[in-house]
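Dear colleague,

Please read them alongside the coordinates.

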Amino acid sequence: MNDSQQAQSLAILVRQLNAAGHNPATSGNYSLRSLALPGYALVSESGIDKSLFEAQNLIPIEINTGRAHPSLGHGRRSSDETALHLVLYRLTQAGAVLHSHHLDSLLFADLYPGKTVLRLGGLELLKGFKGIKSHEEVIELPALENSQDMAVLALEVQTALNLYPSTWGFLLRGHGLYVWGESLAEAKRHLEVFEYVFKYHVHQKR
Ligand SMILES: [Zn+2]
């Protein structure tokens, strides 16, 4: 796998996720840890209609500084939420980060108002998370209040990762879900598990 191959795979996935309701109105953003440029992530460009997303809409951003790679032309800018992707690459082994605005992630968070962490257990599909061997194990999913201040949110993500280091995602209330994995395939699988768990609880409460 090289950067061009993983970027192609991510672009296909983004278009599929868009068709499944994860990215209304250009929302959501995606990234990969670069294999060719050490210390860089490839982060989705701001404001792209995700039904038209292509590999070249991923742009190289330095993980420690948030600066675009010098090779990048002017006038292109990565997602407004880039800082949240970068904190995940700094603090975890993430190889890919997916950010969905799927309605079920909002409805699920609303089932548990005021809680800062949601504990998921009891479902066989939880074994889709790396390291989970039994439906009896519990996954801790931090739930953060939304904010437009990405520096503040990035600090809150950092705190949540310190408290719950084995998590594979976090919710932003009224906003969506961030999920990651050590590879793109693993991140996709983790997103599918979260989506299934959210649907289960949202339907169950009806
Ligand atoms: Zn978002």
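**Notes on the sheet**

Leu98 has Val179 in E8 as its bridge partner, and E4 and E8 pair in the antiparallel sense over five bridges, where pairing requires that DSSP finds at least two bridges between two strands. Helices (H or I, at least four residues) and strands (E, at least two) are DSSP runs, numbered from the N terminus. This is a predicted model, in which local features need pLDDT of at least 70 and side-chain atom pairs count only at pLDDT 80 or more, while totals for chains, interfaces and linings use all residues. Residues are numbered from 1 along each chain as its sequence is written.

The strands belong to an open sheet of eight with mixed pairing, in the order E3-E2-E1-E4-E8-E7-E6-E5. Its edge strands, E3 (58-62) and E5 (117-120), each pair on one side only.

Strand E8 (residues 176-181) is largely enclosed by the rest of the structure, because six of its six residues are buried, that is, 20 or more other C-beta atoms, placed from the backbone, lie within 10 Å of the residue's own. Gly176, Tyr178 and Trp180 point one way from E8, whereas Leu177, Val179 and Gly181 point the other way.

Strand E7 (residues 169-172) runs antiparallel to E8 and is joined to it by four bridges, with Phe170 partnered by Tyr178. In the hairpin of E7 and E8, which has three residues between the strands, Gly174 takes a positive phi near 70°.

Elsewhere in the sheet, five bridges join E2 (residues 40-44) to E3 in the antiparallel sense, and Val43 is partnered there by Ile59.

Best regards

Technical notes
Buried ≥ 20, exposed ≤ 12 C-beta atoms within 10 Å, placed from the backbone.
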